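Here is a note for a colleague who is meeting this structure for the first time. Please read the points below with the model open beside them.

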Amino acid sequence: MQDNNTIIQCQNVNFYYGNFRALTDVTMDFEQNRVTALIGPSGCGKSTLLRLLNRMNDLIDGTRVEGRILFEGRDIYGDKVDPVEVRKRIGMVFQKPNPFPKSIFNNITYGPRLAGLQRKSDLEALVERSLKQASLWEEARDILGQSAMMLSGGQQQRLCIARALAMKPDILLMDEPTSALDPISTAKIEELIDELKKQYTIIIVTHNMQQAARVSDSTGFFYLGKLIEFNPTEKLFTNPDEKQTEDYITGRFG
Amino acid sequence: MKWRYLKQNVFFLMVRLSALSIAVAIGAFLFYIFYHGAGVISWSFLTEPPRDAMTKGGIMPAILGTFYLTLGALMIALPLGITSAVYLSEYAKQGPAVRIIRIGVNCLAGVPSIVFGLFGLGLFVVFLQFGSSIASGALTLGFLILPTIIGASEEALKAVPRTFREASLALGVSKWQTIFRIVLPSALPGILTGSILGIGRAAGETAPIMFTAAAFFTPLLPKSIFDQVMALPYHVYVLATAGTHIEETRPIQYGTIVVLVALVLGIDLVAIIIRSWIRKKKRW
């Protein structure tokens, strides 16, 4: 898997919630402009790993990271690294759509404004660009001033994607982004992922194996905090190296 | 079969009666007060100072004094209480230190109000030499309602979904900005509701202002925050116990109580209106 395209490298990563070891010796590389899926049964550590990549686990008391996570060669857990800067470049979309109780426009401009973007014309252009990227522009262009809470679940999730994209991140982390959505909204988001990977690196955690197979280029299978297998998606789903992977994807457990 | 229905009916009856007894108690209390006090309420009663050794005239200085004291207490306790709550619920690492602070806050809530009065007398009136004044009284009342405000603020902050915080932080927004821009605005209506209910209580307190702010009688209106004022609850106390013409001042006493009760219920009503307005607006 190692080549010049690598954007994030995890090297021997261990992670602890208090005394509980949630990840054991995870080493894997994520490639630029690719979609990488992380799959595995509940509690296998896939979401934990995802949240390590933009330091969201910092918010939980009593956690500890070992090993190194390099983003463009720099350890994001290094002493001088500001997690706020990491999160500006590595955006995240959550399981449940979580728009702010603000207007659609202000949801998108919230982050960029605080990062210093002030000019109205810039902000307007950014909103349009972000909404177009998230395929929400046609539905939202006339109601930008309305509360984001008025949108449907699927629209809210696309708004959350637009909001993350407005920060112009390099990487987009998605934590089961469609698990709270109906099939039609799910299909829209999957199409979107396909479109977005031209510009962004996407790492997606999913419970839905068909989804992983449909949208990703590479897939990592986690079990009990360990990375069991990491291969191109087609190979992992048709001819896995590991017996455990095969058992999982054929539905024998999990 | 019949026996079971009988038991059920007896039980329901008891439950109904207890609920009813509360309504009756409040109703009787309000009726008694208004029956005795409503007669003296008039425009001049509300706008004139007392005359003829408080046997005639109005209670305007006391209304104004209570207003100043309450406003002052709110101005002191609200910023202090909100910032403490933000620290406790957003910043502090949960551990022994925070537990001690929390225990302290709870103890403060349980301290009898007369103790606050004496504390205010010792610290503000005597030691800091503010004298018996609006400043001393407002500070004392402020500390009295501080636990209420901290409690209400903490509850309101906890009610803000964690997902809002995560969404903001994940955009590369700092923790301080997240609290200031997302968490506090979402929690503010709840904070205000709890705080207003607290201030309603403070407006009716007698003991804390007895030694720190309230004047037995002063026809003059305060010119600065270091002047003494009259206050409604203390005025009631004075008229009921310490006056020289207790029988003649009885109607004024009830009138003052009517004004005080109306004021406190009015403040509570504002809180209730704000709360129902939030519930309608809230969509998360």
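**Notes on strands and a helix pair**

1. In chain A, strand β1 (residues 6-17) and strand β2 (residues 20-31) pair in the antiparallel sense over 8 bridges, where pairing requires that DSSP finds at least two bridges between the strands. Helices (H or I, at least four residues) and strands (E, at least two) are DSSP runs, numbered from the N terminus. This is a predicted model, in which local features need pLDDT of at least 70 and side-chain atom pairs count only at pLDDT 80 or more, while totals for chains, interfaces and linings use all residues. Residues are numbered from 1 along each chain as its sequence is written, and chains are lettered from A and ligands numbered from 1 in the order in which they are written.

2. Within this pairing Val13(A) stands opposite Val26(A) of β2(A), and the two strands form a hairpin with 2 residues between them, where Gly18(A) in the turn has a positive phi of about 60 degrees.

3. β1(A) is also joined by 8 bridges to strand β4 (residues 63-71) of chain A, the two running antiparallel, and Gln11(A) faces Arg68(A) in β4(A).

4. In chain B, the axes of helix α3 (residues 60-91) and helix α8 (residues 175-204) come within 9 Å and cross at roughly 140 degrees, the axes being lines fitted to C-alpha atoms, for helices over the stretch in contact, with angles from 0 to 180 degrees between N-to-C directions. α3(B) is therefore oblique to α8(B), since angles under 35 degrees count as roughly parallel, over 145 as roughly antiparallel, 65 to 115 as roughly perpendicular and the rest as oblique.

5. The contact (C-beta atoms, placed from the backbone, within 7 Å) involves residues including Leu74(B) and Leu78(B) of α3(B) and Ile191(B) and Ile199(B) of α8(B).

Notes: Two residues are in contact if their C-beta atoms, placed from the backbone, lie within 7 Å.
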